[in-house]
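Here is a short briefing on a structure. Please look at the sequence and the model first, then read the points grouped by topic.

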Amino acid sequence: VIRHEVLTAEKVPFSYRVAGLGSRWLAWMIDLFPIAALALMGLVLASVLSLGRPGLGFALMAIWTFAILWGYFLFFEWLWRGQTPGKAMLGIRVIQWQGTALTFFQAALRNLLRAVDGLPLPFPLGPGLPGLIVAACNREHRRLGDLVADTLVVHVERKVQPILTLGETHNEADRQRLAVLRLRLGQLDREQKQTLLDLCLRRDQLRVLERARLFQAVAQYFEQRLELMLQEQESAEKFVLQMAAVLIERSS
Amino acid sequence: MDLATFLQTRRPDWKRLEEILQRVEGSGLASLDDEQAVEFGRLYRRAASDLNQAQTFVSGEATELYLNDLVARAYLAIYGKTRIDVWGLMRYLLLGYPAVFRRYLPHFLLATLLFTAGGVFGYLVSWYDKDVARAYLLPPRTIRPTEEGSDGGVQYDTDQVTAFSGFLFTHNVSVTLFAFALGVTFGLGTAWMMFYNGVITGVLAAVFVEAHQLTAFATGILPHGVLEIPACLIGGTAGFVMAQGFLQARPWPRREEVARQGKQAILVLFGCVPLLAAAACLEAGVARAPDWFLDKGVKLAIAGVVGLLFLAYVALVGWRHKEQA
């Protein structure tokens with residue numbers, strides 16, 4: 001995973017995950033569908049028009065096609081802050097090198113240069129050979145258009161939800177159980193709390209087997225250490241998650 | 001601070017920030033009222049400082065990642081204006097552009113030189129061997145002079161004029177944009193485009209001269225050509241400006257220089273938008289108009305006036321206009 005480091009205006013460093021060639025290619029493929037649909041729409045409209053005025057229909061067709069070819073990506077990346085329908089579906093976004101949203105001029109630049117990036121093809125749409133080669137050869141996978149416009153494509157994560165919440169407690173028994181848990185967890189030292197939380201926060205990054213094994217082990221350890229019991233039909237993972245939730249829950 | 005306490009105390013703020021972010025990403029910063037905007041800013045700064053803290057004091061990669069992504073999202077939402085300032089753009093095109101044009105006059109002259117060289121070359125080639133010139137130098141489907149004596153070509157009806165203008169306009173803009181984009185080939189592609197377009201013009205001129213239809217050529221091409229050719233040259237100019245960023249990397253790293261020149265190049269390029277639009281109108285309205293409607297002399301006069309207007313615009317306007325970055 002390649003990350004692009006950025007310093008905020010407040011001098012706090014953070015980073016974006018650079019989008020790989022695969023996701024960008026896929027986003028482009030998805031974008032071809034609306035492009036084709038729009039082109040078809042123009043064709044239909046022009047054909048209808050050309051029944052009455054052939055010249056007007058032709059002119060409209062020429063301008064419509066032109067606008068789609070040069071304008072589709074520009075229009076969306078400008079209006080949707082660096083995203084096209086395809087990019088939005090894959091959760092990637094064009095940003096400035098400094099980490100902020102891209103401007104109109106940058107969107108114009110990087111998309112005009114599709115004409116060169118897509119070169120064997122005679123129209124300014126796709127990533128062709130030059131774009132692919134250049135993008136494959138630099139760390140942030142920037143094609144020529146990105147280099148000139150000072151932009152790059154990154155993932156915008158929205159699914160990260162490592163902070164667990166405690167489910168509603170319905171009955172007295174549950175409430176008592178949690179109270180006990182709270183009390184017992186107080187005995188843990190800092191290291192142990194840390195490990196517990198770390199595991200829960202990171203669980204989505206683990207492979208299924210390792211995840212099950214780790215939670216099993218941790219659950220067993222805490223069972224013995226804190227003299228707790230797994231409830232019937234409660235998975236090890238759920239048990240550990242509950243402990244973590246109790247741990248970070250506001251005591252008030 | 002240990003992780004548990006950290007999460008315990010800070011979590012409500014992060015949750016709140018996530019909620020606001022959700023809204024902002026959906027309907028923009030404008031959807032927040034004053035109070036919420038202030039809160040958003042506060043929560044963002046707080047999250048940034050939390051991230052800082054997480055990076056330094058708190059172990060736990062996942063928390064750090066979470067905060068990192070939260071800060072990244074907020075940062076994108078807060079910084080960078082994406083709304084285009086239409087008035088600013090208009091003012092730039094009207095007043096600011098000539099100054100930018102003059103700054104890159106050498107690039108423009110280079111483009112003009114190449115275009116002229118191509119024109120002379122094309123003219124000479126077809127002077128010596130017109131068949132070769134027509135077969136190899138002209139793209140298929142260009143206009144040819146009509147039978148001798150018919151004076152000025154076929155009379156098009158308005159519908160055909162519309163069709164032809166539409167095609168010509170998009171074609172010319174595409175050529176201009178391609179010429180610009182090819183600047184990334186260290187300017188070689190742009191240079192070729194300039195030269196080749198000159199060649200086409202030269203050969204065409206020769207073809208018409210030979211058919212003794214120079215006036216038809218002049219009246220058919222000049223009224224819009226006086227704007228279209230400069231527009232194409234400006235596309236080339238912008239391409240050369242961009243190429244300079246690739247070629248001349250000092251004193252900054254190449255990455256920065258390319259980006260800096262790219263920004264200038266797009267500003268140069270945008271100047272041909274009004275030119276091309278005006279050219280399209282002239283093309284439809286003047287050049288293609290039948291001779292009984294607009295006299296040849298009138299057409300040429302219009303061409304002359306428009307050309308002078310363009311020169312006056314780039315030479316005289318905007319000396320006192322303060323350029324905004």
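Which helix supplies the largest share of the lining of the largest cavity? H1(A) does, with six residues. The model is predicted: local features need pLDDT of at least 70, side-chain atom pairs count only at pLDDT 80 or more, and totals for chains, interfaces and linings use all residues. Residues are numbered from 1 along each chain as its sequence is written, chains are lettered from A and ligands numbered from 1 in the order in which they are written, and side-chain values use heavy atoms, with hydrogens and water left out.

**Cavities**

- The whole structure holds three cavities of 30 Å³ or more.
- A cavity here is a set of points, on a 1 Å grid over the protein atoms alone, where a 1.4 Å probe fits but cannot get out.
- The largest cavity has a volume of about 230 Å³; a volume is the space filled by probe spheres set on the points, which are joined across faces, edges and corners.
- Its lining counts 16 residues, where lining residues have an atom within 4 Å of a point.
- A:Arg24, A:Trp25, A:Trp28, A:Pro127 and A:Arg143 lie nearest the centre of the largest cavity.
- Helix H1 (21-52) and helix H6 (129-136) of chain A each give at least two residues to this lining. Helices (H or I, at least four residues) and strands (E, at least two) are DSSP runs, numbered from the N terminus.
- By class, the lining has nine nonpolar residues, one polar and six charged. Nonpolar covers Ala, Val, Leu, Ile, Met, Phe, Trp, Tyr, Cys and Pro; charged covers Asp, Glu, Lys and Arg; the others, Gly among them, are polar.

**Interface of chain B and chain A**

- The contact (heavy atoms within 4.5 Å) takes 66 residues from chain B and 67 residues from chain A.
- The two chains bury about 6000 Å² between them, and 66% of this is on carbon and sulfur atoms. Buried area is the accessible area (1.4 Å probe) that two parts lose on being put together, summed over both.
- One salt bridge is found across the interface. The term means a side-chain nitrogen of Lys or Arg within 4 Å of a carboxyl oxygen of Asp or Glu.
- A:Asp150 and B:Arg255 meet in a salt bridge, at 3.2 Å from N to O.
- A:Asp150 sits in the loop between helix H7 (144-149) and strand S4 (151-155) of chain A.
- A:Asp150 is buried, with a relative accessible area of 13%. Buried means under 20% relative accessible area, exposed over 50%, partly exposed in between (1.4 Å probe, protein chains only).
- Beyond residues up to four places away in sequence, A:Asp150 touches residues of both chains, including A:Trp97, A:Arg142, B:Arg255 and B:Ala259.

**Salt bridges within the chains**

- Over all chains, the rule gives 16 salt bridges.
- A:Lys87 pairs with A:Glu77 in a salt bridge, their closest N and O atoms 3.0 Å apart. This pair links distant parts of the chain: A:Lys87 is in helix H3 (residues 85-90) and A:Glu77 in helix H2 (residues 54-79), 10 residues apart.
- A:Lys87 is buried, at a relative accessible area of 6%. A:Glu77 is also buried, at 0%.
- A:Glu77 forms a salt bridge with A:Arg114 too, with the closest N and O atoms 3.8 Å apart. A:Arg114 lies in helix H5 (residues 114-117) and A:Glu77 in helix H2, so the pair ties together parts 37 residues apart in sequence.
- A:Arg114 counts as buried, at 6% relative accessibility.
- In chain B, B:Asp50 forms a salt bridge with B:Arg46, the closest N and O atoms being 4.0 Å apart. Both lie in helix H2 (residues 34-56) of chain B, four residues apart, about one turn of the helix.
- B:Asp50 is buried at 0% relative accessible area, whereas B:Arg46 is partly exposed at 36%.
- Salt bridges that share partners join A:Arg24, A:Glu77, A:Lys87, A:Arg110, A:Arg114 and A:Asp146 into one network.

**Chain B**

- Chain B has 12 helices and zero strands.
- Of its 325 residues, 50% count as buried.
- Among contacts in chain B with a separation of 6 or more, 78% join residues 24 or more positions apart.
- B:Thr176 lies in helix H7 (residues 158-181) of chain B, and B:Thr176 is buried, with a relative accessible area of 2%.
- Leaving aside neighbours within four places in sequence, B:Thr176 contacts B:Ala231, B:Cys232, B:Gly235, B:Cys272 and B:Leu276.

Methods: On a 1 Å grid over the protein atoms alone, a cavity is a set of points where a 1.4 Å probe fits but cannot get out, and a pocket is an open set with protein on both sides within 12 Å along at least five of seven lines; lining residues have an atom within 4 Å of a point.
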